[in-house]
Amino acid sequence: MIFLKESKSLLALFLIISLNSFSQQLIIKDFQDESVVPNVAVHNTLQTLTILSDSNGVINLSSFKQTDSLIFSHVSYEKRILSVNSISQSIIYLYPKTQVLSEIILSVGRNRENKEKISRKVSLINSKKTELDLPQTSADLLYYGGGIRIQKSQGAGGSPVIRGFEANRVLLVIDGVRMNNAIYRSGHLQNAITIDPYTLERTEIIFGPSSVGYGSDALGGVVHFYTKKPKINNEKIWTLTGASSYNTTLNHKVNNFSVEFSKNKWASFTSFSYSDFGDIIMGSKRNHGFKNWGLNKYFLDGNNLNSHNHLNKNSEIQTNTGYSQLDFLQKLNFKISDDSNIIFNIQHSKSSNIDRYDKLNEFNNEENLKYAQWFYGPQERSLFSSTYNFLNNKNWLSKGSVVAAYQNIKESRNNRKFQSLILNSQFENVKVYSLNLDFVGFEKDKSSFSYGFEYTYNDVNSNASGEKLIQGNPSLISSNNTDKIFNIPTRYPSDGSNYSTIATYYEFRKDISAKSNFNIGMRYTQTNLNASWEEAALIDANLNTVNTKNSSLTGSIGYVMRSDNNWQVNTNFSSGFRSPNIDDIGKIRENRGMLSVPNKKLKPEYAYSSELGLSKFYNDKMNVFSLNLYYTHITNHITRDFFQILNDQTTDSPNTILYNSEEVITMANINKGRAYIYGFSFDSEAKISENFFFKSNLTYTRGGSVKNPNPLPSISPLFGAFYLKWIDSNLKMQLSYRFSEAKNPEEYSKGGEDGLEETPIIGYQNKAPIYNGMPSWGVLKFSSSLKLTKNLKTILILDNLLDIHYREFASGISSPGRNLNIVFEYDF
């Protein structure tokens, strides 16, 4: 009986204690990228008890009472207050501050790292940085990374240029999957616009060669887009967001609707966007002094054979620059265990036909336009991927991710010359299969070791046909008669081609002290290319098959030192490579008696870059300036030149072959000599007062060939931007100024990549035009946002305030003049 009474007393005491305390283990995560947040201080309101989250973001609240109110605080995140009895989820999200001491970078080394420990320049673009600008496309978004120039040839344009490299020398990545494929060309590329900016959570830009983590093509740098990830066990089960924008001047309409659903074990994120862009209207104020440059005086009715040059009533309207696009994203996030999850990712983008504005403004002679039609068919990109993430906490495999992906890319080129019935069309379909395995061997307080493997396979299918159209009433129409359709040369190998890569890499990071760290990494890559043609002329010249195998070993080493007085010095040496793809080797094209042919001996080109960075932080790192200097040396530079075919028997000269019954001069891409690019970038941020913030960036680039006097392409003139922002609780305003210096005509590349013919004509010599080069320019933009209610915000963006006429360097289209964009954003 005594024992029973004592047991009841102990049980009663236990129940009383249980009412006042509990055992609960939580994980604290970043709301934006869902990464764990270590060293979060949690204390009660009286501050009698404080505990910290561990390196995995885990915290145990069992020491607190059920009635306590807890304050979650971290130097990089907004403070959050929650009562213990209101916490019903196993995850607590913290919201990053607008200004943080050390941003987390995900892309360098394909692993998380504090930005202050990275030995090269990296820019992070998130919603905070673009909230007052809302770029129309993901290409325009990249302006806000600083140090990137965007080239455009038509309304649906956007080819990023980083440190003098463009197109297939800059690597685009989406959610860990490389977008660059076997037909990415060395000219201008517009594939960045296939990513919906409304679905992006963050975009990271790595400047300089980055082949250790990413392989071929990362010579100028890497642009890594991260789409939003659905959050499991979120506080809100349903989250509805959207935006509608209308440009009153350009007649642009963009609408987005997104929905997120969150449960204990899984979550979903769905997004739809539809964009309808009108014709671009250029600015009217011509500070450059060229009265008629860029004016769109004439246009053709492309659907009528007997069309003549129509006079454009308003020559500042760039006719045939409008287009539309539909974007869809679906993500599903499933929790497998406390230490693992799997994400299914579906993306689809499809545009309307996109007119090539610069081609439609070419003249065949002084009176007639050259083309009645020149357009890209609908550009389609589909992505299906699955990502498995896990924590293992074992030696040499503490955590990792496995990404399996399939991409299907479709594009076409279509043209019909003035007063011709023949419509020529080339169709390309690329299917890409890839597998990425990225592992962290160990990750301790002072060192980390990561490694991984990559495999990609590109299957390229190229078709082409010509069709004789018939005159309908009133437009040209297809005859629907197979007799009117005939074969024409394909853009890429007519009998099929494929391109594959297999690679392995490692990266080691070590903290030498609390103020310094270094990193070292290497990557080995092997590429295989196979292509074949059906054309008899190529068979006779023994050019009908190409089989190449290349291998590359690249590396990087970097060092960062931080002083006690807030100076930081970082230095980095890295190498990168670009292995020849199908576009480099497999493009057969005849133009004015010149025939591009395959070069079976084409080898990878390499870039070796040295970088020195100097940064100074003030006022607890709220104010900062940084200067980055770099020099890049290029070997085996791939360029186009005359090419001899010694075993050809169709003609007497090794410089020509017989093609389509005509003797033509042969040219090919070759490895020719060495080149160099050097420059600097300057970035600054300052908190002027509690509400005023200032930001600026400046980029300088120069380059040339070691033994060749011809200039390199894509070398931008000096350019930059300044931003002044005012922030209050409900109202935010920003005034920005973007500018570019002039580019002299003698500094333009001879191959035509820089578009010298798109610059003003200042005279003629022997009937040949003399070009001025691109004039300098500068434009102002004012934007503001007002929070109308808890769930509704409006944004006004007045771009090109002074209505300046200008063109970006190497662009074939004038930028918009003064225009007003009205945006409404909602969140429920």
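Which ring does the charged end of arginine 356 sit over? Arginine 356 places its charged end over the ring of tryptophan 374, 5.5 Å from the ring centre.

The views below come from a predicted model, where local features need pLDDT of at least 70, side-chain atom pairs count only at pLDDT 80 or more, and totals for chains, interfaces and linings use all residues. Residues are numbered from 1 along each chain as its sequence is written, and side-chain values use heavy atoms, with hydrogens and water left out.

**View 1. Arginines over aromatic rings.** Alongside the arginine 356 and tryptophan 374 pair, look for arginine 738, whose charged end sits over the ring of tyrosine 143 at 4.2 Å from its centre. A charge sits over a ring here if NZ of Lys or CZ of Arg is within 6 Å of the ring centre and within 35 degrees of the ring normal.

View 2. The whole structure holds 30 aromatic pairs. One of them joins phenylalanine 722 and phenylalanine 739, which are stacked at 5.8 Å centre to centre with 15° between the planes. Phenylalanine 722 belongs to strand β49 (residues 719-727) and phenylalanine 739 to strand β50 (residues 731-740), so the pair ties together parts that are 17 residues apart in sequence. Phenylalanine 722 is partly exposed at 36% relative accessible area, while phenylalanine 739 is buried at 12%. Rings of Phe, Tyr and Trp (its six-membered ring) pair if their centres lie within 6.5 Å; planes under 30 degrees apart count as stacked, over 60 as edge-to-face and the rest as tilted. Buried means under 20% relative accessible area, exposed over 50%, and partly exposed in between (1.4 Å probe, protein chains only). Strands are DSSP runs (E, at least two residues), numbered from the N terminus.

**View 3. A cluster of rings.** Here ring pairs link Tyr388, Phe390, Trp396, Phe439, Phe442, Phe449, Tyr451 and Tyr506.

**View 4. Tryptophan 238 and valine 259.** Tryptophan 238, in strand β18 (residues 238-247), is exposed at 54% relative accessibility. Valine 259 sits in strand β19 (residues 252-262) and is buried at 18%. Setting aside neighbours within four places in sequence, valine 259 has contacts that include Trp238, Leu240 and Phe269; contact means heavy atoms within 4.5 Å.

View 5. Side chains of opposite charge can pair when their charged atoms come close. A salt bridge is a side-chain nitrogen of Lys or Arg within 4 Å of a carboxyl oxygen of Asp or Glu, and the whole structure has 30 of them. Lysine 253 bridges to aspartate 276, with the closest N and O atoms 4.0 Å apart. Lysine 253 is in strand β19 and aspartate 276 in strand β20 (residues 266-277), so this pair ties together parts 23 residues apart in sequence. Lysine 515 bridges to aspartate 564, with the closest N and O atoms 3.8 Å apart. Lysine 515 is in the loop between β36 (497-513) and β37 (516-532), and aspartate 564 in the loop between β38 and β39 (567-578), 49 residues apart. Lysine 515 is partly exposed at 36%, whereas aspartate 564 is exposed at 73%.

**View 6. Asparagine 550 and its surroundings.** Asparagine 550 lies in strand β38 (residues 545-562) and is buried, with a relative accessible area of 7%. Leaving aside neighbours within four places in sequence, its contacts include Thr525, Ser579 and Leu602.

Notes:
Helix = DSSP H or I, 4+ residues; strand = E, 2+ residues; numbered from the N terminus.
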